Amino acid sequence: MSTARKARPRFATTSVKIPTRTKAMVVRAAKDSGKTVHGYLLDVIEEAAKRAALRREFVTSAEASLAGYKRTGLAHRAEDVHAWFEAKARGENPPPLKPVKIR
């Protein structure tokens, strides 16, 4: 018999003042989702934090891509990209795009 205890999540306490109208919307949304207001807000905050992290990753990747273009002048032509996606939409398996010298 194991005496190890299951780790419990640690919580920090915070207080947020929100307008009455917003609170009413949160209460309704929580009720509609079958959650308590507390549980609903935890989910909303976590989802917003995840979206912010994904956006940071996207921006970092875009900045690196732009730096690569500025350094090499290589990029994919828009018409090639559109044709590639149209082929994918038709169920085809087009070959990978090759970057070309733009500038």
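The model is a predicted one. Tracing the chain along its sequence gives the order α-α-β-α-β. The radius of gyration is 24 Å, well over the 13 Å that the globule rule gives for 103 residues, so the chain is more spread out than a compact globule.

Keep the whole chain selected and display the C-alpha atoms. Along the principal axes, these atoms fill a box of roughly 60 × 50 × 35 Å. Buried residues account for 6% of the 103 residues. Of the contacts between residues at least 6 apart in sequence, 44% join residues at least 24 apart.

Next, select residues 20–33, which form helix α1, together with residues 37–72, which form helix α2. Two packed helices are described by the angle between their axes and the distance between the axes. Here the axes come within 9 Å and cross at roughly 95 degrees. Because angles of 65 to 115 degrees count as roughly perpendicular, α1 is roughly perpendicular to α2.

Finally, show the side chains where these two helices meet. On α1, select Val26, Val27, Ala29, Ala30 and Ser33; on α2, select Val37, Tyr40 and Leu41. These residues make the contact between the helices. By class, the contact of α1 with α2 comprises seven nonpolar residues, one polar residue and no charged residue.

Definitions and conventions:
Residues numbered from 1 in each chain as written. Predicted model: local features only at pLDDT ≥ 70, side-chain atom pairs only at ≥ 80, totals over all residues. Heavy atoms only, no water. Axes fitted to C-alpha atoms, helices over the stretch in contact; angles between N-to-C directions. Helix = DSSP H or I, 4+ residues; strand = E, 2+ residues; numbered from the N terminus. Parallel < 35°, antiparallel > 145°, perpendicular 65-115°, else oblique. Contact = heavy atoms within 4.5 Å. Nonpolar A, V, L, I, M, F, W, Y, C, P; charged D, E, K, R; others polar. Rg over C-alpha atoms; globule rule 2.2 N^0.38 Å. Buried < 20%, exposed > 50% of the residue type's maximum accessible area, 1.4 Å probe, protein only.
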